[in-house]
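Here is a structure to read through questions and answers. Look at the sequence and the fold first.

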Amino acid sequence: MADKYLLRVTAGPSYDPTSHETVAVNSGTPSTIRSPLCSANISVRIQNYRGLPCGSPSTSSYFSNPPHTHDQYSIAFSFIPKRTISGKSLVFGNDFEHPIRDRIPPGFSAAFRIVKWAIDPGLDGDVYADKPYLYGNALSSINVLSVGPKLGENRLDSVIGVEAEQEEKPITEGGFEGGQELRENLNIPENAAARQKWFLGGHDRLENWQWEQGRLYKADFFNPYLDFNGFSLKVLGYLGGEDYLRYVLKDKETGEVLFVVVFTLLPKEQVEDEEAKSSRPRIPDETKPVTEPVKSFEPREDDLD
């Protein structure tokens, strides 16, 4: 059944799909997003990718790196906040526009407890809400976090442009150009797993952290569990007809969005029909009457008498 569908990944500065652009998956070329809250580069890698744009690479050299040989996908991003955001407020996760409570399978609550225990103890959400969500605090949910320098407002776009050329390399935990010193001053562990656990260890640790205006951060979110080749069967099959999975980085306190990444499942036949229509030459409508052009009036010599 999975081979009857194609995946399309889009990213944008808001939930509004008209603000999104298609992400070039596995290409090494990130999508640049500019929202009221941040400037960002977003790279998406998917193992055994089948989707749009047509002709996209099926994999990425990212998955050849030892830490990622078993991962199925990655959402990596560099971002520079345009205002300071509290450490307790910035969350990353999934949400939906419509209720899915009537289609949640039996045993979901038990499965959710296992996910919290094994993958992300900081995960919080309400899948029974009118607009279901599952968010984790960014400091403990993001797998890899690297802290960079603090920059002036007028350098945001230029730095993001430079970062776009370096996104093919996997991001590593740590800091650079002053970022490592910031981590050390807050006693944040150097190891990624230890850092995630450390931020789960107390609310005051989240409050002491600030996502600073003008500072460059790099992050990577990945896991080996969600296989997008089985997307329709494993995820969408019970989510009430929803044909997408949406990730969002947002300020939970204000509800403001930094960026949104959407994985949408499209019937392959529908994509092929749309491509055929777009490539078909336009034929004039012969049912419309053809109007002769009006000739300009030139008076004859007798008319002037």
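Q: Which residues does Thr10 touch, not counting residues up to four places away in sequence?
A: This is a predicted model, so local features need pLDDT of at least 70, side-chain atom pairs count only at pLDDT 80 or more, and totals for chains, interfaces and linings use all residues. Residues are numbered from 1 along each chain as its sequence is written, and side-chain values use heavy atoms, with hydrogens and water left out. Contact means heavy atoms within 4.5 Å. On that basis Thr10 touches His20, Glu21, Thr22, Val23, Val260, Val261 and Val262.

Q: Is Thr10 buried or exposed?
A: Thr10 sits in strand β1 (residues 5-12); strands (E, at least two residues) and helices (H or I, at least four) are DSSP runs, numbered from the N terminus. Buried means under 20% relative accessible area, exposed over 50%, partly exposed in between (1.4 Å probe, protein chains only). At a relative accessible area of 12%, Thr10 is therefore buried.

Q: What is the length of the polar contact between the side chains of Thr10 and His20?
A: A polar contact is a pair of N or O atoms within 3.5 Å; within protein, one must be able to donate a hydrogen and the other to accept it, and residues adjacent in sequence count only if both atoms are side-chain atoms. The side chains of Thr10 and His20 meet this at 3.2 Å.

Q: Which strand holds Val262, and what is its relative accessibility?
A: Val262 lies in β15 (residues 257-267). Its contacts beyond four places in sequence include Arg8, Thr10, His20 and Leu245. Val262 counts as buried because its relative accessibility is 11%.

Q: How far apart in space are Val262 and Leu245, C-alpha to C-alpha?
A: In sequence, Val262 and Leu245 are 17 residues apart. In space, their C-alpha atoms are separated by 5.9 Å.

Q: Which strands stand at the edges of the open sheet of 6 strands?
A: The order is β3-β4-β5-β13-β10-β11, with mixed pairing. Two strands pair if DSSP finds at least two bridges between them. Each edge strand has a single partner, so one side of each is left without a neighbour in the sheet: these are β3 (31-34) and β11 (174-175).

Q: In which sense does β10 pair with β11, and in which with β13?
A: β10 (residues 144-150) has 6 of its 7 residues buried. With β11 there are 2 bridges in the parallel sense, and Ser146 has Gly174 as bridge partner. With β13 (residues 215-223) there are 5 bridges, and the sense is antiparallel.

Q: Which residue in β13 stands opposite Leu145?
A: Strands of a sheet pair through backbone hydrogen bonds, either parallel or antiparallel. β10 and β13 pair in the antiparallel sense. Opposite Leu145 stands Ala219.

Q: How many residues in the protein chain are there, and what share is buried?
A: The chain's secondary structure comes to 8 helices and 15 strands. Of its contacts with a separation of 6 or more, 73% join residues 24 or more positions apart. The chain has 305 residues, and the buried share is 47%.
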